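Try each task before you read its solution.

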Amino acid sequence: MAGEHDTIVVIEDDHNISDLVAMYLRKDGFRVLQADDGERGLELFDQDPPKLLIIDIGLPGALDGLDVCRRVRATSDVPVIMLTARDDEFDRVRGLELGADDYVTKPFSARELVARVRAILRRAAPAPRDGPQVHEIGDLVVDTGRREVRGPGGPIAFTTREFDLLAYLASNRGLALSRRQLLDGVWGEGWYGDERTVDVHVRQLRKKLGDALPLTTVWGVGYRLG
Ligand code: CA
């Protein structure tokens, strides 16, 4: 449940949309801070660390929504939902690559957005079901207690969702998992999003780990580790 003091920062230059989203979130018990450009949004984020950020991709001024997401991710794992002006595959993929947790395409219903906010907050920092585990995968060590991946050259940085995906694959080693199973296991069963989200995150894991990651694409199914 939303605590009375759970703050959400909404960065959106379209005041109609921003006010509508803020109204629904407030009705749901959240405290909402609104900014109409990226600089102001980052100020609010620094002053009063929120539980979640909603960031429109198309923002006026020097920083667009993707820039804001990148800067937030440089220091924080706070959940981020991006708003995209249209069904723009490039922006969506870029947002997810930069570490956004989810995206919503305009026009959207404020009620659905609030449902997604709730789903994301429910699954934020999930406790591993079987307590902390250390998985050894070839030269990699995935340590769920420390939330750390170590390779031969030392720790490797991952976003929250990338780490959760790798840990989930590691704890189901040898099993072919469908994209749906991965979404349910990593993003949570209330997740509304698109199965391609899994592919974007897998691409990031492969980019960061290269040949050290024995991950196989199982055609018509999904992915299998080891
Ligand atoms: Ca905009």
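## Exercise 1: where two domains meet

Two salt bridges are counted between domain 1 and domain 2, a salt bridge being a side-chain nitrogen of Lys or Arg within 4 Å of a carboxyl oxygen of Asp or Glu. Before you start: this is a predicted model, where local features need pLDDT of at least 70 and side-chain atom pairs count only at pLDDT 80 or more, while totals for chains, interfaces and linings use all residues. Residues are numbered from 1 along each chain as its sequence is written, and side-chain values use heavy atoms, with hydrogens and water left out.

Task: describe how domain 1 and domain 2 sit against each other.

Step 1. Get the bounds: domain 1 runs 7-124 and domain 2 runs 134-225, as given by an automatic or database domain assignment.

Step 2. Take the centres over C-alpha atoms; they are 25 Å apart.

Step 3. List the contacts (heavy atoms within 4.5 Å). You get 15 residues of domain 1 against 16 residues of domain 2.

Step 4. Zoom in on side chains. Glu97 and Arg203 form a salt bridge at 3.8 Å, N to O. Glu97 is also touched by Gln204, which contacts Glu162 too, once residues up to four places away in sequence are set aside. Gln204 lies in helix α8 (residues 196-209); helices (H or I, at least four residues) and strands (E, at least two) are DSSP runs, numbered from the N terminus.

Step 5. Check accessibility: buried is under 20% relative accessible area, exposed over 50%, partly exposed in between (1.4 Å probe, protein chains only). At 7%, Gln204 is buried.

## Exercise 2: a helix length check

Task: does the span of α6 agree with 1.5 Å a residue, and what is the span?Step 1. The expected span is 1.5 Å times one less than the number of residues.

Step 1. Now look at the cover. Eleven of the twelve residues of α6 are buried, including Glu162, Phe163 and Tyr168.

## Exercise 3: the calcium site

Task: which residues coordinate the calcium ion?

Step 1. Collect donors, which are N, O and S atoms within 2.8 Å of the metal (3.2 Å for Na, K and Ca); water is not among the atoms, so sites may look incomplete.

Step 2. Asp13 (OD), Asp56 (OD) and Gly58 (O) turn up, at 2.1 to 2.3 Å. Their spacing in sequence reads D-x42-D-x1-G. The two aspartates link distant parts of the chain, 43 residues apart: Asp13 is in the loop between β1 (7-11) and α1 (15-27), and Asp56 is in strand β3 (residues 52-56).

Step 3. Compare accessibility. Asp13 is partly exposed at 34%, whereas Asp56 is buried at 3%.

Step 4. Look at Pro60, which sits in the loop between β3 and α3 (65-75). Pro60 contacts Asp13, Asp36 and Asp37, leaving aside neighbours within four places in sequence, and is partly exposed at 38%.
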